[in-house]
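Morning, everyone. I'll take you through one model today, fold first, then a few local details. Let me put it on the screen.

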Amino acid sequence: MKRTRILVLLLALVLCMSMAACGGGSSTGGGSGDTPAASGAGDAGGGSDGAQIACVFGAGHAEGINDKAFIQDCWEGIKEFGDANGKTYAYYQPIDDSKQSFLDAYDTAIKNGAEVVLTVGNEPSDSLVDATRDNPDVKFISIEATGFEESAMPNHYSILMNATDAGWLAGVAAVREGYKSLGILPCVAIPPVDMWTWGYVQGANYAANKYGIEGITLQHHYLNNWSASPEIQATAASWYNSGVEVIQCNTAGGNTSIIAASDAAGAAVFGSDKDQFDEGETVVTSEVVFRKPIVISSLESAYDGSFPGGTFWLPGVEADAAGLAMDRTRFKNYTKDMYDEDYADLKNDVGGIRSSMITIYDIPEVDDMWNAVSPKYIEFINIE
Amino acid sequence: MDDRMPDTRKKVAKFLSSEGFSSLIAAFLTIVLGLFISFILLFIFERNVSLDAFRVMITGSFGTIGVQKGMARVLFYATPLMLAGLSFGFTLKAGVFNIGVAGQFVVGLLTGVIVAIRCEGVFGDYLWLAAVLCGACAGAAWGAFQGFLQAYFNMHPIVCGIMMNYIGLFLITAICEADPMVYAKGRGWTEVVPLKAIMPDLGLDRIFGQTSAVNIGLYIAAALCVAAHFVLKRTTFGYEIKAVGHNAYASQYAGINIKRTVILTMMLAGLFAGFGGAIQHLSAADTHYAITDALPQQGFTGVSIALIAMGHPIAIIFAALFIAYLQVGGLGMQAYGLQPDFVNVITSLIIYFCAFNFVFKHWYGRLFKWLRRAK
């Protein structure tokens with residue numbers, strides 16, 4: 001019986017290895033026996049041999065490419081660019097989130113013909129130094145990777161969306177709408193996520209001070225999870241039950257769990273990343289950073305010779321890359337005119353709003369952020 | 001010559017009807033059927049690329065990345081899987097369902113990280129060894145605690161395992177987060193471990209290339225599997241484990257201390273998982289570990305591996321290699337627009353078809369008898 005088991009596995013290995021040997025031994029470049037033709041392959045774009053544009057994101061995102069949040073937003077940009085310019089594209093999710101797994105994913109993508117590798121999220125940060133050094137002929141564009149603000153390789157264009165701007169506008173909107181008990185449920189304590197929070201807190205603080213609105217409570221808790229789960233939904237539900245009126249969710253794929261809790265409680269929620277109006281009946285609006293046009297413009301630069309390799313970009317309202325999705329909202333008091341006024345104030349830095357804003361790079365300690373709010377107007381509760 | 005023919009025919013017939021050959025045929029059918037059903041699914045959902053994608057999966061995409069690099073990847077991913085699989089498989093023998101592998105794995109992993117960062121000046125060049133051993137011991141302690149709860153409080157192994165997974169995860173992450181040397185506050189991950197904490201490659205780089213991440217952990221994992229086999233096969237303790245697994249009441253009647261056996265078995269299972277976790281993270285330099293509420297996937301993949309191998313320690317080595325091979329192939333399949341989850345579907349199918357192994361063997365035996373009668 002035991003011998004049979006070992007035999008099964010040994011045979012499976014031998015079978016596969018022999019097929020591998022038959023598959024060819026070329027270890028360099030695309031165009032070998034296994035290079036995909038990629039014509040109409042599921043989500044992969046067709047046209048020529050191999051996928052020319054590869055999208056790589058973390059294995060921990062259980063929802064995959066269709067996370068209804070930032071990964072999907074970037075992927076839609078890649079698809080739009082690829083289809084318009086006759087470039088093939090595919091996405092790769094590494095086996096796990098270790099540096100080695102990311103390096104293997106890049107290598108597989110490049111061996112399959114990738115000319116441009118676009119990474120999404122903070123997880124690839126560790127692997128990008130090695131990958132850009134080892135593949136000088138391949139252009140890397142990172143969206144939301146951190147650690148490249150001051151130095152990046154000449155073939156690496158680092159983009160971090162300025163979510164602080166979108167968060168600020170949401171904070172102002174929440175207070176002007178009349179909410180008094182505000183909840184913040186970010187996924188993890190990393191800069192691309194915390195930026196939403198910093199903006200939201202400062203926006204609420206700004207509006208409370210400007211309009212003299214007292215008695216606002218801000219409740220904050222890291223979920224330490226970014227995929228939809230019953231635990232996230234239960235946490236959000238308990239917050240709504242305890243009197244929280246609106247939750248700002250920055251949990252990528254986990255947003256849908258918070259929206260579900262909000263729908264069940266008949267409360268209110270701010271979506272994030274992309275317009276999540278259709279994800280629930282109680283999504284008031286969504287804080288949006290427009291990754292899709294940024295992805296398209298960065299891919300254009302990779303192919304038209306103007307690739308800004310070695311540079312870092314933090315696009316926000318100055319590039320019209322951040323804001324609220326105001327085309328469809330469920331606000332009762334906060335109008336489009338009020339939004340336009342706030343947006344213009346932020347963009348034009350009226351009264352030094354934007355230039356004096358505390359960003360994630362100004363504060364080494366997370367807890368220092370809460371000292372920035374006026375205790376007269378806002379009470380801050382951080383739940384560890 | 002003519003006189004010798006019947007003897008030869010008899011020998012061939014004896015070989016064809018032998019236990020070994022019928023096992024071989026059954027094994028072959030198991031794999032072929034599992035892969036065939038996978039291909040049918042692939043054909044239904046991704047008709048245009050099914051042939052190419054399937055070929056990439058079963059060739060491990062070696063054709064594109066090269067055999068040397070492909071083998072390195074398989075061995076690298078298989079190492080922690082072997083240990084996670086062994087952790088589950090070992091307890092199967094005692095009739096205990098160790099669903100707490102993931103918790104023991106992460107406790108071992110983060111203990112390894114803490115020791116690597118905190119004790120840099122203490123252990124010198126053997127920092128990696130100290131970190132791995134401490135990780136393994138932490139996993140063992142966590143496993144033994146689960147065994148204690150099961151043995152003395154009669155807690156259900158599954159409920160206990162699932163709860164202890166999360167308690168272990170939250171406890172060890174809380175310890176990490178409380179230490180500013182270990183946890184990078186505001187970044188959501190641990191600090192990078194020192195270079196001396198990285199597992200040495202022990203000459204494996206000469207076989208698999210400078211960029212390969214295969215390391216001494218592979219030898220440790222394989223050696224532990226062999227050691228576990230030896231313990232089960234050749235020692236009194238191993239006999240006790242198996243006896244308890246077959247019939248706990250009869251074992252107790254025969255004088256075996258069941259409580260002690262369960263606790264020790266769980267302790268060893270935790271030790272294996274702890275080794276796996278520490279080896280997983282200390283296998284590569286410059287890597288942070290992201291602190292999340294998610295349990296490491298290796299812990300659950302290990303359960304699949306142990307089930308494929310039916311808990312046999314040596315078979316677990318091959319099962320881990322096989323699953324890692326499919327994972328590497330699955331990465332290559334994504335070039336065709338296929339989701340990585342497809343590999344999980346194939347793994348599940350093969351597990352299901354392993355259960356048919358005895359059916360195939362039985363059918364083969366009947367077919368052989370029928371052919372002989374027909375003659």
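How many helices and strands does the secondary structure of chain A come to? Ten helices and 13 strands. Helices here are DSSP runs of H or I with at least four residues, strands are E runs of at least two, and both are numbered from the N terminus.

Some ground rules. This is a predicted model, where local features need pLDDT of at least 70, side-chain atom pairs count only at pLDDT 80 or more, and totals for chains, interfaces and linings use all residues. Residues are numbered from 1 along each chain as its sequence is written, and chains are lettered from A and ligands numbered from 1 in the order written.

Now the sheet in chain A. It is open, has six strands, and runs β2-β1-β3-β4-β5-β11 with parallel pairing. Pairing needs at least two DSSP bridges between two strands. Strand β1 (residues 53-57) of chain A pairs with β2(A) over four bridges, in the parallel sense. In that pair, A:Val56 has A:Tyr92 as its bridge partner.

Helices next. Helix α9 (residues 291-304) of chain A lies across β1, β3, β4 and β5 of chain A. Its direction is about 165° to β4(A). Axes are lines fitted to C-alpha atoms, for helices over the stretch in contact, and angles run from 0 to 180 degrees between N-to-C directions.

What about burial? In chain A, 58% of the 384 residues are buried. Buried means 20 or more other C-beta atoms within 10 Å of a residue's own, exposed means 12 or fewer, and partly exposed is in between, with C-beta atoms placed from the backbone.

Beyond four places in sequence, A:Leu118 touches residues including A:Ile53, A:Cys74 and A:Ile141.

Most residues other than glycine have a negative phi. A:Glu144 has phi near 80°. This residue sits in the loop between β4 (139-143) and β5 (156-159) of chain A, and is buried, with 27 C-beta neighbours inside 10 Å. B:Leu202 has phi near 50°. B:Leu202 is partly exposed, with 13 other C-beta atoms within 10 Å.

Technical notes
Contact = placed C-beta atoms within 7 Å.
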